[in-house]
Amino acid sequence: NIIYVGMGEVEMRNNISFGDGMYKSTDAGKTWKHIGLEKTYAIQNIVVHPKNPDLVYCSAMGKVFGANAERGLYRSKDGGKTWQLILSKNDSTGCIQVVMDPVNPDIMYASLWQARRSAYDLVSGGNGSGLYKSIDGGDTWKSLSQNPGMPVGLLGKIMVAVSPVDNDLLFALVENKNGGLFRSDDAGKSWSKLPDNANLTQRPWYFSQLFCDAKDTRTVYVLNVQAWKSVNGGNTWQGIYNHHGDNHDFWQNPDDADNFMIGDDGGGEITFDGGAHFTDLDFPTAQMYHVNISNDFPYHVYGDQQDNSSICIASRTRGYSIDAGDWFPVAGGESGYIVPDPDNWKITYGGGYDGFLGKYNYENNQNQDISVYPESTIGAGSVSRINRFQWTFPIAISPFNSKIIYVGSQYVYRSMDAGMSWVKISDDLTRHDSTRLQPSGGPINKDNTGAEVYGDVYAIAESRKQQGIIWVGSDDGLIHLSKDNGKTWQNVTPPISLLPEWAMISIVEPANDNVEGCYISATRYKSDDNKPYLLETDDFGKTWKLITNGLPQNTYTRCIRQDPHNGELLYAGTETGIYFSVDWGTHWHSLQCNLPITPVMDIQINFQEGDIVIATHGRSFWILDDASVLSQSVPYYDEIPIKNQPDEMKSDKSKILPDYSKDFLFKPRSSYRMQGGSYHTDYTGENAPNGVILRYWLKSKPSKELKFIFLTEKDDTVITYSSTKDKKGEPIKISKDFYQEKKIERDGILSADSGLNTFVWDMRYDDPERLDGAVLWNGYTTPKVVPGNYKAQMFIGDSLIQIMPFEIKMDPAVTVETEDLQAQLDYIQAANKKLGEVHKAVKDLRTIRSQVNDFIAGVTDTAVAHQLRDYTKAMLDTLDLIENNFVNLKAKAGQDVLKYPIVLNDKISALAGGANQADAKPSPQFYDALTDLSARADVYLRMMERVKKIYVPAFNSKVKELNVPAVQLK
């Protein structure tokens, strides 16, 4: 039940996130408590004494982009209440690993690693690095780095493993000019180098994970780009073919060596047969760099996954969830922007590292390389590159012409022909500091993937209000502006009092409401500054204002976007979540809701739907469906509000603001009549609610019934929902678990809590008359309304609170005339009406039969009772005949109908269901079948009318004639 968790990342990529120390749970993860070490930033691993859960050790690497004294190995003897730094070197050296001897927990091994990262390089190795051992539980430590057999010279990252079978057997991966895999058979006193294998030692700062087998001293595992296994003590190696590369962590079942788990850049995967087969990677942990969306419906969402493919998904499907088969790759690779053609969602432009730029056509599966300068420079430093294209270089399409595309290296390039040719339209728009353009790495190994390319254009955007106004931001802190379509450029960088030097300008967002305006998001975490930096200008960059009030001051910002409908509404993505502002950034508020704490790298707002779409770095894509409540909660005008507009001009606008002191309805967005539902599991995505999303504000919980009546444009009632009654008008009782089980929308019961409430109308009419206990092979069909204009009436008690109009549109993928849909609706309603007549007749005949039998059973005179039974036999036989033709009485379970054929009610319900399968007018055969079945049902309905009009009055007369003692009649 006792679990310790250490926060942060130590595989120090340039986009690494930070942690805030240690957490502990004493109830198997139900609740958590922070237990200190918040300044350690990154904790690599934790070991707990096998017999004393209060004795815990953790390795802290410290800051990635700066120096701090809180680096090293920590121990707590009281379960995390207090901590002691028991092994450290200096403010640039952290502890990368602590290992406890599996036989004697007083024997411990720990590795110190001197390493740092900046915006433009990575250094792994230094005098602080070394391997250490303690034999007294960490009180004292002795270096093993100088023991015989260890490599001489500067050391980098060292990872060690102890065999659970023989605790004198150690293996170590050592970063050194003569490094590699080393073995010790005497608990570290002496070492021997095993045969070199470059597959085990490439990129040692990023990999170097090492593990001994739980059962066999000869078996060792090393994780690198590929996972490797040796069965002869590390002399030779064979690959483990798991689903994904870049392997970083490993766990083995101590009781079954064939059962182990590998953590790689694709997620976590498990094997039960020693690595021959692995489970699928189904965890939503993709690290997205950016997100873009298309203009179609459902709109598509595009992004690039770290160490995986580019990806695309429709924002919603016509099924019940978003499944694995709905995803597909598009242009680009793992690191770049993915930008769809505004006029054709199937055409995408995508970037990758080393300046790769691709154009992909989903229609024919053609992927064309349209790179600006297709010279491969992988492994080279920035100084030797003709074009310094960053790992995630910007790609932007002009809002005015989909053939015009901008990309950035240290220059801005433009294509006028959809990427087929490129022209440089700027000089170098960076600081071009040669000291920051050198090859990355050292002092032992170089490492240049393209992520370390520095001094480049990092953000580009053209104004949406006026063509030719182009804003550019660099990753070394400069902002440039062209007001003449790229002919000339002006440096409009904010003063260092607002934005210190060497900031990375991650997003430039030209204002929607001011041609001279622009918002920027910047970060300086690579300069050891975690403050947020969001700035705005109203005058083409002559003056700037910092707008971070309300944001956490220890969490850096990743992006900023302006709402397309309402200029006062802004959204910001930070390293720990998402925020919004309703006053042009003057104040910020959390919009976290159910979003996990995760870096929000990019934000897009769908213009038509009002959805907020985000790219997270570690939790994949998320969508906040229908955020129109936010747009309506700030001043809203007929047109987008113009910042700094004179008051006399504003007074001419139609300004709408909710009055939260009253009960009211927010205006719903237009909805689409389409197939699909909203259901998900741990392995699928969740669709948007399929229906009209009504959000309503209640100033307090009403004491009277809350009611919504949905009507057509002609005021014909479609359906009514209530907070206290079901759809048939019967009182309801809501259990404590009712809301938790999400039955509100399914059962059509309105929530009536104070504050903001949500109800999703499924756009359907009421159910047909149902019959308790009836087994229907074909079920019930509730038809959807036809596209058009509708309105909702909101009542509290008998008081009409508000009437809210809204529109229901047709799925653009379906081409059908409204008249045909009306014919379909009329047909289904006619079938349901006949089904209702049948079920109503069955309910009536059962009531009559019950009353008659109960009455006779209450007659005390046996002779009279016998006479009444004889008299009612014909009536009861008629009721039996009707019921047997209307309802399958023999079927008690769903598939009983396979041996007891369905009868009229099921046949009629099948017609309604069949007509409802597609958005189309029913075929003539359906009309013929309904006419035939209705005529057959009418035969028995007329019999039922005869029972009511002749048999029942005759029975009552006979009772009177026999002078039966009074019995209470129902």
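W584 is found in the loop between β45 (577-581) and β46 (589-590), helices (H or I, at least four residues) and strands (E, at least two) being DSSP runs numbered from the N terminus. W584 has a positive phi of about 60° although it is not a glycine. With 12% relative accessibility, W584 counts as buried, where buried means under 20% relative accessible area, exposed over 50%, and partly exposed in between (1.4 Å probe, protein chains only). The model is predicted: local features need pLDDT of at least 70, side-chain atom pairs count only at pLDDT 80 or more, and totals for chains, interfaces and linings use all residues. Residues are numbered from 1 along each chain as its sequence is written, and side-chain values use heavy atoms, with hydrogens and water left out.

**Backbone geometry**

- Most residues other than glycine have a negative phi, and most peptide bonds are trans.
- D246, which is not a glycine, has a positive phi of about 55°.
- The position of D246 is in the loop between β20 (238-240) and β21 (247-253), and its relative accessibility of 10% makes D246 buried.
- The peptide bond from F297 to P298 is cis, with omega near -15°; P298 lies in the loop between β24 (288-293) and β25 (300-305).
- G442 and P443 are also joined by a cis peptide bond, with omega about 0°, and P443 is placed in the loop between β34 and β35.

**Salt bridges**

- The structure holds 38 salt bridges, a salt bridge being a side-chain nitrogen of Lys or Arg within 4 Å of a carboxyl oxygen of Asp or Glu.
- One of them pairs K346 with E363, whose closest N and O atoms are 2.6 Å apart. K346 belongs to strand β28 (residues 344-351) and E363 to the loop between β29 (357-361) and β30 (366-369), so this pair ties together parts that are 17 residues apart in sequence.
- K346 is partly exposed at 24% relative accessibility, whereas E363 is exposed at 56%.
- D428 and R388 meet through their side chains in a salt bridge of 3.0 Å, N to O. This pair links distant parts of the chain, 40 residues apart: D428 is in the loop between β34 (423-424) and β35 (457-462), and R388 in the loop between β30 and β31 (395-397).
- D428 is partly exposed, with a relative accessible area of 25%, while R388 is buried at 3%.
- E501 forms a salt bridge with R431, with 3.6 Å between the closest N and O atoms. E501 lies in the loop between β38 (490-491) and β39 (504-510) and R431 in the loop between β34 and β35, so the pair ties together parts that are 70 residues apart in sequence.
- Both partners are partly exposed: E501 has a relative accessible area of 39%, and R431 has a relative accessibility of 27%.
- A network of salt bridges links R464, E509, R561 and D602.

**Helix packing**

- Helix α5 (residues 818-857) packs against helix α8 (residues 924-961) at an angle of about 25°, with the axes 10 Å apart. Axes are lines fitted to C-alpha atoms, for helices over the stretch in contact, and angles run from 0 to 180 degrees between N-to-C directions.
- α5 is therefore roughly parallel to α8; angles under 35 degrees count as roughly parallel, over 145 as roughly antiparallel, 65 to 115 as roughly perpendicular and the rest as oblique.
- The contact of α5 with α8 comprises 20 nonpolar, 1 polar and 5 charged residues (Ala, Val, Leu, Ile, Met, Phe, Trp, Tyr, Cys and Pro count as nonpolar, Asp, Glu, Lys and Arg as charged, and the others, Gly among them, as polar).
- The axes of α5 and α7 come within 9 Å and cross at roughly 165°, which makes α5 roughly antiparallel to α7.
- Helix α7 (residues 904-915) and α8 have axes that come within 10 Å and cross at roughly 155°; α7 and α8 are therefore roughly antiparallel to each other.
- α5 and α8 cross in a left-handed manner, α7 and α8 likewise have a left-handed crossing, and α5 passes α7 in a left-handed crossing. A crossing is left-handed if the near helix is turned anticlockwise from the far one by less than a right angle, and right-handed if clockwise.

**Further loop positions**

- N224 is placed in the loop between β18 (220-223) and β19 (227-230) and is buried at 0% relative accessibility.
- A polar atom of the N224 side chain lies 3.1 Å from the backbone oxygen of Q202.
- D753 is placed in the loop between α4 (743-747) and β55 (755-761) and is partly exposed at 38% relative accessibility.
- D753 and S700 are 7.1 Å apart in space, C-alpha to C-alpha, and 53 residues apart in sequence.

Key. A polar contact is a pair of N or O atoms within 3.5 Å; within protein, one must be able to donate a hydrogen and the other to accept it, and residues adjacent in sequence count only if both atoms are side-chain atoms.
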